[in-house]
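Keep the structure open as you read.

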Amino acid sequence: MTRHDDRFDIVTLVVRTREGDIDAFESLVDRYETKLLRFCLRTLGDRQDAEDVVQDTLVQAWKSMKALAEPAAFGTWIYRLASNKCTDTLRRRTARPSDAQDPDDMAVHADGRVSVEKSVEARTALEHFSAVLQTLSSEQRVTWVLHQMEGLSYAEVAETLGISEGSVRGRIRRARTAIIEGMEGWT
């Protein structure tokens with residue numbers, strides 16, 4: 001299926017959801033739930049908080065689907081809902097340790113084995129990176145995760161967050177600088 005066909009399919013599912021079709025909404029959930037969970041986990045660094053934000057986001061999406069002006073913009077819209085909820089969670093959160101782990105980030109040798117030494121080193125680096133990520137402002141973290149980890153373009157991030165592309169570039173530049181400084185000695 002081409003990207004254009006996929007976009008048409010999303011529009012159809014959104015229109016059907018607006019008409020009260022629960023199966024259509026479940027199809028949208030199937031397409032976005034894992035992506036949203038990955039985004040929220042990387043942004044928040046806490047699995048329980050990430051799962052809560054995704055659940056809240058999906059409930060809000062169901063309740064306010066008619067507020068979505070352009071059905072083709074569903075992906076950007078749902079990321080904006082999740083991003084806003086992540087930012088709210090980060091602002092409310094008191095400092096607590098992060099145990100974020102994304103199994104996709106763990107490297108495996110071509111033969112499928114991971115040495116204990118490499119595994120420990122990778123886990124330690126990932127834990128350090130997660131700690132550095134948690135030191136970013138909520139705005140920088142959300143912007144950086146959307147662009148670097150979720151693969152959204154500057155324009156898509158700007159649209160998702162409702163800010164200019166220049167602001168996106170500035171936030172990402174400051175986040176990169178902080179991450180590079182925080183990861184000094186790990187490269």
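Seven salt bridges are found in the structure. A salt bridge here is a side-chain nitrogen of Lys or Arg within 4 Å of a carboxyl oxygen of Asp or Glu. The model is predicted, so local features need pLDDT of at least 70 and side-chain atom pairs count only at pLDDT 80 or more, while totals for chains, interfaces and linings use all residues. Residues are numbered from 1 along each chain as its sequence is written, and side-chain values use heavy atoms, with hydrogens and water left out.

Side chains of opposite charge can pair when their charged atoms come close. Start with Arg16 and Asp21, whose side chains form a salt bridge at 2.7 Å, N to O. Relative accessible area sets the exposure class: buried is under 20%, exposed is over 50%, and partly exposed is in between (1.4 Å probe, protein chains only). Arg16 has 35% relative accessibility, so Arg16 counts as partly exposed. Asp21 is partly exposed too, because its relative accessible area is 21%.

Helices are DSSP runs (H or I, at least four residues), numbered from the N terminus. Arg47 and Glu51 both sit in helix H3 (residues 47-63), four residues apart, about one turn of the helix. An α-helix has 3.6 residues a turn, so residues three or four places apart point the same way. The closest N and O atoms of the Arg47–Glu51 salt bridge are 3.3 Å apart. Arg47 is partly exposed at 43%, and Glu51 is partly exposed at 35%.

Another bridge joins Glu139 and Arg91, at 2.6 Å, N to O. This pair links distant parts of the chain: Glu139 is in helix H6 (residues 138-149), Arg91 is in helix H4, and 48 residues separate them. Glu139 is partly exposed at 27% relative accessibility. Arg91 reaches 56%, so Arg91 counts as exposed. Elsewhere, salt bridges connect Arg38, Arg42 and Glu150 in a network.

Now look at H6 itself. Its twelve residues reach 15 Å from first C-alpha to last, close to the 16 Å expected at 1.5 Å a residue. That expected span is 1.5 Å times one less than the number of residues. H6 is mostly covered, with nine of its twelve residues buried. Among them are Trp144, Val145 and Leu146, but also Arg141 and His147. Just after H6, Gly151 has a positive phi of about 80 degrees.

In soluble globular proteins, nonpolar side chains tend to be buried together. The largest core holds 45 residues, and Phe39, Cys40 and Phe74 touch the most other members. Several helices each supply at least two core residues, including helix H1 (3-18), helix H5 (116-135) and helix H8 (165-182). H2 gives the largest share, ten residues. Domain 1 (1-96) and domain 2 (114-186) both contribute, so the core lies between them. The domain bounds come from an automatic or database domain assignment.

Which residues does Cys40 touch, not counting those up to four places away in sequence? Cys40 touches Gly45, Ala50, Val53, Val54, Ala82 and Cys86. Contact means heavy atoms within 4.5 Å.

Aromatic rings come next. Rings of Phe, Tyr and Trp (its six-membered ring) pair if their centres lie within 6.5 Å; planes under 30 degrees apart are stacked, over 60 edge-to-face, and the rest tilted. The count is four aromatic pairs. Tyr32 and Phe74 have ring centres 5.2 Å apart and planes at 75 degrees, so the pair is edge-to-face. Tyr32 lies in helix H2 and Phe74 in helix H4, so the pair ties together parts 42 residues apart in sequence. Tyr32 is buried at 12%, and Phe74 is buried at 1%.

Phe39 and Tyr79 are also edge-to-face, at 5.7 Å centre to centre and 80 degrees between the planes. Phe39 is in helix H2 and Tyr79 in helix H4, so this pair ties together parts 40 residues apart in sequence. Phe39 is buried at 0%, and Tyr79 is buried at 7%. Ring pairs also link Tyr32, Phe74 and Trp77 into a cluster.

Finish at Thr76, in helix H4 (residues 74-92). Is Thr76 buried or exposed? Its relative accessibility is 18%, so Thr76 counts as buried. Leaving aside neighbours within four places in sequence, Thr76 is in contact with Glu156, Glu159 and Thr160.

Technical notes. A nonpolar core is a set of buried Ala, Val, Leu, Ile, Met, Phe, Trp, Tyr and Cys residues joined through side-chain atoms within 4.5 Å.
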